[in-house]
Amino acid sequence: MTYSDADISSKVSIEDGVLRIVVATEAGGSSLDLQGIDDGTSTLRSVNAGATEIGSVLLIGRGPNFCAGGNVRDFAGAADRGAFVGSVADTFHAFVRELAAVTVPIVAGVHGWAAGAGMSLVCLTDIAIGGPSTKLRPAYPSIGFTPDGGMSWTLPRIVGSGRAMDILLNDSIINGEDAVRLGILSRLVGDDIIDNEAERLARTLAVGPTSAYRGIKSLLHASESASLAQQLDAEAASVSAAASSPAGREGVDAFVEKRRPDFS
């Protein structure tokens with residue numbers, strides 16, 4: 001698999017097969033960066049259409065926080081607040097739809113706060129890495145809002161409907177350790193290496209068996225509405241196809257030959 005490195009915008013780039021999307025910046029007060037989101041949507045749409053090839057997606061924030069949510073000052077300054085917030089949600093949701101459709105692994109480095117839209121993004125990732133100082137909060141009730149970014153769909157699937165209701169109604173602040181326990185974060189590392197570890201993982205996944213990752217994600221998504229019998233049938237078909245795929249052949253041959261597999 002060959003990737004051509006490219007800077008798509010100041011907020012979106014592809015390097016070594018990793019599609020990096022900046023979701024918030026320090027200059028924007030760590031609020032959701034709509035330019036980065038819009039550029040990310042266009043690139044993800046190209047990926048999902050098969051026109052752009054990547055091996056993983058990495059969501060990052062520049063500054064002290066991953067993403068502190070929507071820009072509340074902008075909400076307050078809008079002439080028609082409902083229309084303005086609705087347009088922001090539409091822009092954000094176009095990104096969420098494309099992100100959810102991606103078949104490669106999605107990684108996030110979650111340093112500092114992930115609140116509101118930032119927490120929604122964390123809930124959409126496949127692997128989210130945080131640290132002892134990471135904090136998550138729905139944040140919507142604190143300004144009289146309801147969730148967006150898919151949080152009302154993803155959070156109950158991660159923590160259960162009862163716990164999700166508790167977290168949302170109480171606008172709970174969740175520390176890094178509790179976020180791992182609940183399954184919102186995948187693991188904790190030192191605060192000073194969160195972004196580096198997320199980058200390392202995204203690069204590692206980008207050169208891994210992409211077709212196998214695609215199959216794993218497909219199986220897990222299907223399991224949410226499938227019976228055990230249906231899932232067993234899907235697993236049998238998937239593993240059979242994997243065994244005949246280039247990645248499957250290389251993986252088995254490398255194991256037998258006692259060498260590191262080359263999935264490129």
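Visitor: Where does Ser30 lie?

Guide: Ser30 lies in the loop that runs between strand 3 and helix 1. Please keep in mind that this is a predicted model.

Visitor: Is Ser30 buried or exposed there?

Guide: Ser30 counts as buried, because its relative accessibility is 2% and the cut-off for buried is under 20%. Its phi is near 65 degrees, a positive value in a residue other than glycine.

Visitor: Which value does phi of Asp16 take?

Guide: Phi of Asp16 is also positive, near 55 degrees, and Asp16 is not a glycine either. This residue belongs to the loop between strand 2 and strand 3.

Visitor: And is Asp16 buried, exposed or partly exposed?

Guide: Asp16 has a relative accessible area of 34%, so it is partly exposed. That class covers values between 20% and 50%.

Visitor: Let us move to helix 1. How many residues does it have, and how far does it reach?

Guide: Helix 1 has 15 residues. From its first C-alpha to its last it reaches 20 Å, which is close to the 21 Å expected at 1.5 Å a residue.

Visitor: What is found at the start of helix 1?

Guide: A side-chain oxygen of Asp33 comes to within 3.1 Å of the backbone nitrogen of Gln35 there.

Visitor: And which residue follows the helix?

Guide: Helix 1 is followed by Gly50, which has a positive phi, near 85 degrees.

Visitor: Which residues of helix 1 are buried?

Guide: The buried residues are Gly36, Ile37, Asp39, Gly40, Thr41, Thr43, Leu44 and Val47.

Visitor: What covers them?

Guide: The cover includes strand 2 (12–15), strand 3 (18–24), strand 4 and helix 3 (81–101).

Visitor: Could we take Thr43 as an example? Why does it count as buried?

Guide: Thr43 counts as buried because its relative accessibility is 6%, and buried means under 20%. The residue is found in helix 1, which spans residues 34–48.

Visitor: What does Thr43 touch?

Guide: Leaving aside residues up to four places away in sequence, Thr43 touches Ile8, Val12, Ile14 and Leu19.

Visitor: Now the strands. How do strands pair in a sheet?

Guide: The strands of a sheet pair through backbone hydrogen bonds, and they may be parallel or antiparallel.

Visitor: Is the pairing of strand 4 and strand 5 parallel or antiparallel?

Guide: Strand 4 (residues 56–61) pairs with strand 5 in the parallel sense, over three bridges. Within that pairing, Ala108 in strand 5 is the bridge partner of Leu59.

Visitor: What about strand 5 and strand 7?

Guide: Strand 5 and strand 7 (residues 127–130) also pair in the parallel sense over three bridges. Here, Gly109 has Ile129 in strand 7 as its bridge partner.

Visitor: Which way do the residues of strand 5 point?

Guide: Ile106 and Ala108 point one way, while Val107 and Gly109 point the other way. All of them are buried.

Visitor: What is the strand order in the open sheet of three strands?

Guide: The order is 6-8-9, and the pairing is mixed. Strand 6 (113–115) and strand 9 (174–175) are the edge strands, each pairing on one side only.

Visitor: How many bridges join strand 8 to strand 9?

Guide: Two bridges join strand 8 (residues 135–137) to strand 9, and these strands run antiparallel. Leu136 stands opposite Ile174 in strand 9.

Visitor: Which helix packs on that sheet?

Guide: Helix 4 (residues 117–124) packs on the sheet and touches strand 6, strand 8 and strand 9. The direction of helix 4 makes about 95 degrees with that of strand 6.

Technical notes
Residues are numbered from 1 along each chain as its sequence is written. This is a predicted model: local features need pLDDT of at least 70, side-chain atom pairs count only at pLDDT 80 or more; totals for chains, interfaces and linings use all residues. Side-chain values use heavy atoms; hydrogens and water are left out. Helices (H or I, at least four residues) and strands (E, at least two) are DSSP runs, numbered from the N terminus. Buried means under 20% relative accessible area, exposed over 50%, partly exposed in between (1.4 Å probe, protein chains only). Contact means heavy atoms within 4.5 Å. Two strands pair if DSSP finds at least two bridges between them. Axes are lines fitted to C-alpha atoms, for helices over the stretch in contact, and angles run from 0 to 180 degrees between N-to-C directions. The expected span of a helix is 1.5 Å times one less than its number of residues. A polar contact is a pair of N or O atoms within 3.5 Å; within protein, one must be able to donate a hydrogen and the other to accept it, and residues adjacent in sequence count only if both atoms are side-chain atoms.
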